[in-house]
Amino acid sequence: GFRGLADRAGLQRRQHGVDRMAHSNRGPHPRFTPHGLESRPGQLARHAIGAKIRWLDKCLEKVMATDPQNRLASIALLRDLPQSVRHKLEKRCRWRNVAADEQIIDRQSTSKDVYFVVEGSVRVVNYSLSGREITFDDIIAGGHFGEMAAIDGEPRSATIEALENTIVAILSAKAFIAVLHENPDLALSLMVRMSTIIRRATVRIMDLSTLGANNRVYAEILR
C-alpha cells in the first residue's frame, strides 16, 4: 500500500545520499585507459602535471601580455636604458621558467650568464662542509644576479635557488659586457651597486673580527 511505497521511496533517497557521499569522497573521476582503469596515484600525478602546465601557460601569458618591447623595463638596472636598447637586449635573452626550490646557479660552476628576475624571487646561498645553509640575500622581481662572473670570468661565488615559481631572462656575458661599453650610465649604476656590496661586506668582516656572537646579533638588529 501507500506505506510500502513511502518506505521504498525513503530507502531510495537514503541510498542516493550514500551514493553522492561516496562519489564526493572518491576525488577525480575514474579514467579508463588502453591498459584498464587508471589508479588514483596515476590520476593525482596527471592532475599535478596539468596544474604545472597551467601555471606555465599563465606565466607566458603575463610575459607576452605586456609590451613585447618593454618586458625588461621592470629590471632596476636596465630601467633607464632607452627602450630601443632594452628591446635589443630582450631579443638576445633566453627566457626560463623556474619552479620553486629549483637551483638556477651552482657555486663554482663556470657559466658566465647574467640573470634578470622578471617575476618571482630567488635566494643567494652557500653551504658549509657540514651542509649548513648560509643565506646572503634574497633577490625579488626587478633584481638581477650573475654579473660578477660575467665581468671577471671567474667561477660562480654562490648558489642561486628559486624561492617560488620564477621567470628569469638570461643574457650572455658577451652581450652584457657589450651593453656596458655602449652605455656608460649603466656601467656607472652597476659600479655603484657593487661598491655598496663591498661596503656592506667590509662592515660584516669587521663585526666578525671584533664582536662576539651576541653583540653581532645586536648589531644586525640595530641595522
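How many salt bridges does the structure hold? I searched for them and found four. I note at the outset that this is a predicted model.

**Entry 1: salt bridges**

I examined Asp113 and found that it forms a salt bridge with Arg94, with the closest N and O atoms 3.2 Å apart. Asp113 lies in the loop between β4 and β5, whereas Arg94 lies in strand β3 (residues 94-98), so the pair ties together parts that are 19 residues apart in sequence. I then looked up the accessibility of both partners. Asp113 is buried, at a relative accessible area of 16%, and Arg94 is partly exposed, at 45%.

Next I recorded the salt bridge of Glu102 with Arg96, whose closest N and O atoms are 3.0 Å apart. Glu102 counts as partly exposed at 30% relative accessibility; Arg96 is also partly exposed, with a value of 25%.

I also looked at Glu147, which forms a salt bridge with Arg193; here the closest N and O atoms are 2.4 Å apart. Because Glu147 lies in helix α4 (residues 147-152) and Arg193 in helix α6, this pair ties together parts that are 46 residues apart in sequence. Glu147 is buried, with a relative accessible area of 4%, while Arg193 is partly exposed, with 28%.

**Entry 2: helix α6**

I followed Arg193 into its helix. Helix α6 spans residues 184-210, 27 residues in total, and reaches 39 Å from its first C-alpha to its last, close to the 39 Å expected at 1.5 Å a residue. Which residues of α6 are buried? I noted Leu186, Ala187, Leu190 and Asp207 as buried.

**Entry 3: aromatic rings**

I searched the whole structure for aromatic pairs and found one. Tyr115 and Phe145 form this pair, which is stacked, with 5.0 Å centre to centre and 5° between the planes. The pair links distant parts of the chain, since Tyr115 is in strand β5 (residues 114-119) and Phe145 in strand β8 (residues 144-145), 30 residues apart. Both Tyr115 and Phe145 are buried.

I looked separately at Trp95 and found Arg71 over the face of its ring, at 4.6 Å from the ring centre.

**Entry 4: the four-stranded sheet**

In what order do the four strands of the open sheet run? I recorded β4-β9-β6-β7, with antiparallel pairing. The edge strands are β4 (103-105) and β7 (133-140), each of which pairs on one side only. Neighbouring strands of this sheet are turned by 30° against each other on average, direction ignored.

I then inspected strand β6 (residues 121-127), which pairs with β7 in the antiparallel sense over seven bridges. Finally, I noted that Val124 stands opposite Asp137 in β7.

Note on methods:
Residues numbered from 1 in each chain as written. Predicted model: local features only at pLDDT ≥ 70, side-chain atom pairs only at ≥ 80, totals over all residues. Heavy atoms only, no water. Helix = DSSP H or I, 4+ residues; strand = E, 2+ residues; numbered from the N terminus. Expected span 1.5 Å × (residues − 1). Buried < 20%, exposed > 50% of the residue type's maximum accessible area, 1.4 Å probe, protein only. Phe/Tyr/Trp six-rings, centres within 6.5 Å; stacked < 30°, edge-to-face > 60°. Lys NZ or Arg CZ within 6 Å of the ring centre and 35° of its normal. Pairing = 2+ DSSP bridges. Axes fitted to C-alpha atoms, helices over the stretch in contact; angles between N-to-C directions. Salt bridge = Lys/Arg side-chain N within 4 Å of Asp/Glu carboxyl O.
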